[in-house]
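Here is a short tour of a protein model for you to follow with the structure open on your screen. Take your time turning it around as you read.

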Amino acid sequence: MAFYEQVCIARPDLSTSQVDGLKEKCASILENNGGRVVDTEYWGAKRLAYRIKKNRKGHYLFLKIESPTSAVQELERLLRIDEDVIRFLTIRVDAHSDEPSAMMKAKAQRKSSSGRRQ
């Protein structure tokens, strides 16, 4: 099995529960095709660098995947059809890191430094 990392950007008008539903949908697609989601991170609703399909914001979802190539291809095919997904990017990696992503580290650092202000 190969290791993949995927970032999905969902429409900004979705609620966080609908984004969780999208995460579960991706996991079930992979499990039905012989793969699995190792870890997920919800990065929140962020402003996009440029408009995508008339949207200025989007919900970012990060998935660490361990799966055969055919399952990832099926997931990408279904994400292209899904109206809730604005963009996605899937890359193959050699191994998954045990530590959180750079986005989650930055979020934790912002939270810890905000408490130090006087």
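At 1.5 Å a residue, the 13 residues of helix 2 (residues 69-81) should span 18 Å, and in this predicted model the C-alpha atoms at its ends lie 19 Å apart, which agrees. Which residues of helix 2 are buried? They are A71, V72, L75, E76 and L79. Looking down the axis of helix 2, you will find these buried residues within an arc of 135°, so they line one face of the helix.

Four strands make up an open sheet in the order 2-3-1-4, with antiparallel pairing. Strand 2 and strand 4 stand at the edges with a single partner strand each, so one side of each has no neighbour in the sheet. On average, neighbouring strands of this sheet are turned by 20° against each other, direction ignored. Strand 1 and strand 4 pair in the antiparallel sense over eight bridges; V7 has L89 in strand 4 as its bridge partner.

Helix 1 lies across strand 1, strand 2, strand 3 and strand 4, and runs at about 30° to strand 3. Here is where to find the strands:

| Strand | Residues |
|---|---|
| Strand 1 | 2-10 |
| Strand 2 | 36-52 |
| Strand 3 | 55-67 |
| Strand 4 | 85-93 |

Is S67 buried or exposed? With a relative accessibility of 0%, S67 counts as buried, because the cut-off for that is under 20%. Leaving aside residues up to four places away in sequence, S67 touches M1, A2, Y4, L30, G35, R36 and V72. Among these, V72 is also one of the buried residues of helix 2.

Finally, step back to the whole chain. The protein chain has three helices and four strands, and along the sequence they follow the pattern β-α-β-β-α-β-α. Its C-alpha atoms fill a box of roughly 55 × 35 × 25 Å along the principal axes. Of the 118 residues, 36% count as buried. Among contacts with a separation of 6 or more, 77% are between residues 24 or more positions apart. The protein chain exposes about 7,600 Å², and carbon and sulfur atoms supply 48% of that area.

Definitions and conventions: Residues are numbered from 1 along each chain as its sequence is written. This is a predicted model: local features need pLDDT of at least 70, side-chain atom pairs count only at pLDDT 80 or more; totals for chains, interfaces and linings use all residues. Side-chain values use heavy atoms; hydrogens and water are left out. Two strands pair if DSSP finds at least two bridges between them. Helices (H or I, at least four residues) and strands (E, at least two) are DSSP runs, numbered from the N terminus. Axes are lines fitted to C-alpha atoms, for helices over the stretch in contact, and angles run from 0 to 180 degrees between N-to-C directions. Contact means heavy atoms within 4.5 Å. The expected span of a helix is 1.5 Å times one less than its number of residues. Buried means under 20% relative accessible area, exposed over 50%, partly exposed in between (1.4 Å probe, protein chains only). The arc is that of the directions from the helix axis to the C-beta atoms. Accessible areas come from the Shrake-Rupley method with a 1.4 Å probe; for residues, only the protein chains shown count as cover.
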